[in-house]
Every structure is written in structure tokens, then in C-alpha cells.
Amino acid sequence: MPVKFLDLQSQYRRIKPEIDHAIQAVIDDTAFAGGPYVERFEREFAEYQGIDHCVGVGNGTDALEIALEALELPPESEILVPANSFIATAEAVSRAGHRVVFCDVHPHSYCLDVADARRRLTPATAAVIPVHLYGQPADMPAICQFAKDAGLRVLEDCAQAHGAQIGGQPVGTFGDAGTFSFYPGKNLGAYGDAGAIVTNDGNLARRCRLIANHGRSSKFDHEIEGRNSRLDGVQAAVLSAKLAFLDDWIARRQQAAQLYMQELAGVGDLVLPQPQGNVRHVWHLFVVRTGHVEQLADFLAERQIQTGRHYPLALPKLGAYSHVGQQAESGFAWKADRELLSLPMGEHLDEQMVLEVIAALGEYFDQSGDGGVL
Ligand SMILES: *Cc1c(COP(=O)(O)O)cnc(C)c1O
């Protein structure tokens, strides 16, 4: 049986009536940009994340960029960003007129290493952007304490962590603001691009809303020059429909993760994820570390098991960041990138599929011995 990395088709088949109805309603009302469906989703998502304000925007990258702009940091500020993330986290910093400073990530959580971040402080450092990578919250209590001591603003990149919590407190509520992506493949995904900014700071929310909608404070008054990055009605309606299923889907991801954790312990050279104490890990990705990434990916592909890599090159090594001059550092993130392999993960997985992936991994290492050379 093939095991897909992600299966949006099977998801749609299971919720087709809800989705079709949601989309048709927006068309019937011609509520395409702004309007009641956007307001409704903003309200529902704020409630879900346990936060006062939610501002829908065009995508998760814009959410980061707009939130950064709304923080009104001095131009060309240095912003601390983890070296292991999707490029969007760093891109938003440069686009907002600031300078990226890459920090190492912690070998257990793959999230920002606070001690390393502290070493990179300069008088120009103005903010830190922890990423709740793979669905696991970064160590927000430590990061917030560090930011407070150093006088930094905190923007949480929650693109992979809808519903994740630390000690019952949702991500996005620890820092000044949190940003979400609803890219189709995320745990809560739209049927196109979409994103949001969440915050308890009413003024910050208002500034984000202004920036995302041409600086418009009323129909004909533009207080500032902004841009156009709005959440559209069809996406909002799809997201509202899907939000009702999110907790069930997270539970299914947790079940799959638990089975992987239980059955893959001690298999070959696999280093399994380490959920930190007291967190609700929402398992956007299940990433293992191995010295056999390419061979394993090929072996699994032959058995119709899809895998991914997140991310095969640490951000500082990308051509886009050669000017930053951090490509040759030697921290964990700089070494681990080539060893990261993402196994199938999602609410589409049933026990049979997870066991199939586990069996194939076992087979690979049985054949290869601990050296792993086929
Ligand atoms: C997906 C993602 C983004 C960007 O979101 P888009 O909606 O694709 O723009 C930002 N940060 C991280 C960590 C992501 O995974």
C-alpha cells in the first residue's frame, strides 16, 4: 500500500460536504475580499488560540513581514532567527528592512538555542523570531526571559504549530505577536494561500491591519502607505470549516507519532524526535536524524513511501544568505541539515500505514547492518 507524505485528497473526501457548502456560501454572498467570512474566521481562530486579536493576511510570509513592520523597529536592526527553518522566517526580516542574524538550534527540540542567541547580541539587536518547528513549541519561557533581559521584541513564527501549547498556554501568546501560515500543506491549511497575525496588543493588531490593507483606516482615508495582503473570503470559509476538525486531526498525528516513537526506538542509527516536557506537540512533521538520508529516502520510495527533507541546507548556507557570512559556522544546525529526514505524517495516516513505514525502515537497517551500506 502506498503511503503518502501528505494527503489532501483524502482529507477533502472526508469533509467534502462541509467544504463545498462553505465555498458555495461565499460565492452566493459574493463576499470575496474582507466581509463576514473573514471576520468570522478571525474571531474563531483568536478564540482557538486563546488570544484577543487575529488579523487575517495573504500568507504566512506576509504575516511575519507585516508584524515586523508593525513593531516599528529601527531600520537595519539585527533580528535573531534560527538557522534551521523555512526561508520565509529570514526572508521577512530582510524584506522588512532589517538584518538577519542566524542562531543555532537545540539538538533536542530543533528550535532556537537561547544560549547561542545570547552570544549573538549586539547593540543593534532588536528582536528574536523563535520558530515552533515541526509542530513543537520553542522554549518560550526561556526565550521571553532572555528577550526581557536584552530589551528585545519577540515574534513567534507559528506556521507549523497551530494548536501547540506549553503548559496549556497556546503558542503565539508568549511574545509580542505570533504569525501563522495556512498554506494548504500546513496542519490547518486553506485552499490556496492564507495567513494570520495574532496578538494581545490592540495597538499592534490595529497597525498590522492598517499595513495589510493599504494603510486604510476608513474607506477613503489612508493613514499610512501600506500594502495589499488580505485574507480572502473563500479561504476564510474553508479555514472555518476545517478548524472544527483540527483537534481531531492533531490527535491522529499524535497517535501516529506515538507509534513511530515506540516502534522505531533503537532501529538502525535513527535519532528520534524528543518531545519536550509539558508541551503539546502537534507534529506538523516527524523528522528523524540518520546518516543514511538519501539511501533511506530511495529505499522507501521504491516501496511507495514518500518522505521529505526539512531542511536539507541550513538557511545560512543558502545562496540567498551568502552575504550574511555565516555559511561556514559549525553549530548543530550547520551539521545536522544533511541528516534530517521527514517521514510521512498527517491525519491521513492509519495504524496500518504507520506500521508499513516502520517495517520498511526495519528492513532497510536489517539488510544494511548498522553500517547501513546496501
Ligand atoms: C510555511 C512557513 C512559513 C511561510 O508561510 P507561507 O504561508 O508559505 O508564506 C513561514 N515560516 C515557517 C516556519 C513555515 O513553515
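Reply: Happy to! Please keep in mind that this is a predicted model. Let's begin with a group of rings: Phe41, Phe45, Tyr48, Phe180 and Phe182 make up one aromatic cluster. Across the model, the count of aromatic pairs comes to 15.

A pair of aromatic rings is described by how far apart the centres are and by the angle between the planes. For phenylalanine 102 and tyrosine 321, the ring centres are 5.3 Å apart and the planes stand at 80 degrees, so this pair is edge-to-face. Phenylalanine 102 belongs to strand S3 (residues 99–103), while tyrosine 321 sits in the loop between helix H10 (293–302) and helix H11 (332–336); the two are 219 residues apart, and the pair links distant parts of the chain. Both phenylalanine 102 and tyrosine 321 are buried.

A ring can also have a charge over its face: arginine 303 lies over phenylalanine 299, at 3.7 Å from the ring centre.

Now back towards the cluster. Strand S8 (residues 177–181) runs antiparallel to S9, and four bridges join them. In this pairing, glycine 178 stands opposite valine 198 of S9. Strand S1 (residues 53–57) is also antiparallel to S9, joined to it by five bridges, and here cysteine 54 has valine 198 as its bridge partner.

How enclosed is S9 itself? Five of the five residues of S9 (residues 195–199) are buried, so the strand is largely enclosed by the rest of the structure. In a regular strand, side chains alternate between the two faces of the sheet. In S9 both faces are covered, with Gly195, Ile197 and Thr199 buried on one side and Ala196 and Val198 buried on the other.

Notes: Residues are numbered from 1 along each chain as its sequence is written. This is a predicted model: local features need pLDDT of at least 70, side-chain atom pairs count only at pLDDT 80 or more; totals for chains, interfaces and linings use all residues. Side-chain values use heavy atoms; hydrogens and water are left out. Rings of Phe, Tyr and Trp (its six-membered ring) pair if their centres lie within 6.5 Å; planes under 30 degrees apart count as stacked, over 60 as edge-to-face and the rest as tilted. Buried means under 20% relative accessible area, exposed over 50%, partly exposed in between (1.4 Å probe, protein chains only). A charge sits over a ring if NZ of Lys or CZ of Arg is within 6 Å of the ring centre and within 35 degrees of the ring normal. Two strands pair if DSSP finds at least two bridges between them.
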